[in-house]
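Here's a quick tour of a protein model, with the sequence and the fold side by side. Have a look, then read on.

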Amino acid sequence: MPDFMINEGVFVFPSGWEDRSVTAVTFPVGDPTPSATITVTRESSRDPKQTLGSYVSLQLATLAKTCGGFQLIRHIPTQLSGVTAVLAEVTWTTPEKLEVRQVIVTTFIQPQYVVITATATADRFSEFENVFYSIINSFRAKRPHG
């Protein structure tokens with residue numbers, strides 16, 4: 001794994017380590033129960049034959065099995081920072097009986113899948129929808145040096 005950067009600095013890991021980090025950003029500042037969240041997760045590709053489409057389909061199937069009341073609103077190809085991506089919009093019910101709505105954008109940036117998930121309760125999603133898309137569309141992938 002090359003140098004691993006976070007906002008506060010850089011780590012140097014020996015070979016054999018893998019980035020499975022999760023980044024979560026919430027709104028509003030300091031609220032113990034945020035109104036909106038953006039989460040970025042990373043997962044290395046395990047199967048060289050797996051496509052972005054098959055990865056997303058597997059992830060959505062897992063959500064459908066594990067999230068009560070899961071509904072797929074839309075599932076479309078898109079671009080993220082000039083890279084092929086898939087956008088899915090879903091709703092589901094939390095164990096606390098809150099209905100949430102999510103925009104999930106997944107892409108592959110060598111060597112891993114990057115998943116950006118924007119979440120709000122379904123009744124407040126429209127308040128954040130434009131902000132979510134603005135934040136997601138502001139993403140700029142780092143390009144390898146070479």
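Predicted model: local features only at pLDDT ≥ 70, side-chain atom pairs only at ≥ 80, totals over all residues.

## Strand β6 and its neighbours

Strand β5 (residues 68-80) runs antiparallel to β6, and the two are paired over 10 bridges. They make a hairpin with two residues between the strands, and Ser81 in that turn has a positive phi of about 55 degrees.

On to β7, where β6 pairs again in the antiparallel sense, this time over nine bridges. Val86, for example, has Thr106 in β7 as its bridge partner. This hairpin has five residues between its strands, with Lys97 in the turn showing a positive phi of about 70 degrees. So how enclosed is β6 by the rest of the structure? Largely, because nine of its 11 residues are buried.

## The second largest pocket

β6 also turns up in the second largest pocket: β4 (36-44), α1, β6 (83-93), β7 (99-109) and β8 each supply at least two residues of its lining. The pocket's volume is about 370 Å³. It's lined by 18 residues, and those closest to its centre are Gln59, Leu63, Ile104, Val115 and Thr117.

Which element gives the largest share of this lining? That's α1, with six residues. Sorted by class, the lining of the second largest pocket has 10 nonpolar, six polar and two charged residues.

## Aromatic pairs

Now for the rings. The model has nine aromatic pairs. One of them is Phe27 with Phe128, an edge-to-face pair at 5.8 Å centre to centre and 70 degrees between the planes. It joins distant parts of the chain, with Phe27 in strand β3 (residues 22-27) and Phe128 in helix α2 (residues 125-137), 101 residues apart. Phe27 is partly exposed, at a relative accessible area of 47%, whereas Phe128 is buried at 7%.

Tyr55 and Tyr113 make a stacked pair, 3.8 Å centre to centre with 0 degrees between the planes. Here too distant parts of the chain are linked: Tyr55 belongs to helix α1 (residues 52-66) and Tyr113 to strand β8 (residues 112-121), 58 residues apart. Buried or exposed, then, for Tyr55? Tyr55 is buried, because its 5% relative accessibility falls under the 20% cut-off. Tyr113 counts as buried too, at 2%.

Finally, Phe4, Phe11, Phe13 and Trp17 come together as one aromatic cluster.

How values were computed:
Residues numbered from 1 in each chain as written. Heavy atoms only, no water. Phe/Tyr/Trp six-rings, centres within 6.5 Å; stacked < 30°, edge-to-face > 60°. Helix = DSSP H or I, 4+ residues; strand = E, 2+ residues; numbered from the N terminus. Buried < 20%, exposed > 50% of the residue type's maximum accessible area, 1.4 Å probe, protein only. 1 Å grid on protein atoms, 1.4 Å probe; cavity = no way out; pocket = protein on both sides within 12 Å on 5 of 7 lines; lining within 4 Å. Points joined across faces, edges and corners; volume = space filled by probe spheres on them. Nonpolar A, V, L, I, M, F, W, Y, C, P; charged D, E, K, R; others polar. Pairing = 2+ DSSP bridges.
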